[in-house]
Amino acid sequence: DGIFNQEDYVLFYAQGPDLYEFDPGTAGFFYQKNLYSDTTFYFVTISDSPGLRISEHQNQGASLPLINNYDYYVAYENDRVKILSPGSGREWYGDKFEFILNQDFPFPVSKIITGSTIKLLASAMGLSCGPAKLKFSLNNQLLGELRIREVDAGTYSLKGTNSIDTFEITSDQISISNDELVVNLEYERNTSARSLGYLNFLFLTANRQLALEDDQLAFRSVS
């Protein structure tokens, strides 16, 4: 009726503060957490001129390819601590491996395409005066490891070293139960000196069947 009444509402598409982008060079997705905010703000204003509108497009018919699967991705990054005292620097780290050396990180996900590739991009930081490594497993299947480079224990020595790598496995190499992928991290150290690790982030990608399970679904298929 041209009047914004109490029962009326506004629908618009909004993106969160973190960056998820497709890299044509690697034919894969990458993730970058927003360093400054965990919230995105949108301001609705009133003007004499029309605002942005969703444009209509004609149905392309059967000439376009049929899409029945898409590239699913999910990130885990729990920023808790800064290494440099008294909190200098922009890089934050999350789960600590010092007294508890084995931790699970579950990702609820269903309808993974059989035989498709599952990728895990893992980033961690270690402070170890002796040999150490972080071992990564997916649903009890070993993926690989990140080796922690040794550092000196001096006052002005490095406070730790970063490690990052991508691990791959096909879905038919693992057993998936309860529609869940579980990433396990185990910290191994072979020294009596100080040795600990921090998880920076996990970024998991997989190929899923295209199906609407909630009220809405944002998807992208590059296959």
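**Basis**

This is a predicted model, in which local features need pLDDT of at least 70 and side-chain atom pairs count only at pLDDT 80 or more, while totals for chains, interfaces and linings use all residues. Residues are numbered from 1 along each chain as its sequence is written, and side-chain values use heavy atoms, without hydrogens and water.

**Overall form**

The chain has zero helices and 11 strands (DSSP runs: H or I of at least four residues for helices, E of at least two for strands, numbered from the N terminus). The radius of gyration is 22 Å, well over the 17 Å that the globule rule gives for 223 residues, so the chain is more spread out than a compact globule. That radius is taken over C-alpha atoms, and the rule is 2.2 Å times the number of residues to the power 0.38. Along its principal axes, the C-alpha trace spans about 75 × 45 × 35 Å.

**Surface and burial**

Of the 223 residues, 31% count as buried, meaning under 20% relative accessible area with a 1.4 Å probe, protein chains only.

**Nonpolar core**

The largest nonpolar core holds 29 residues, of which Ile118, Phe136, Val183 and Leu202 touch the most other members. Such a core is a set of buried Ala, Val, Leu, Ile, Met, Phe, Trp, Tyr and Cys residues joined through side-chain atoms within 4.5 Å. Strands that each supply at least two residues of this core include S6 (117-128), S7 (132-138), S10 (180-189) and S11 (195-209).

Key
Buried means under 20% relative accessible area, exposed over 50%, partly exposed in between (1.4 Å probe, protein chains only).
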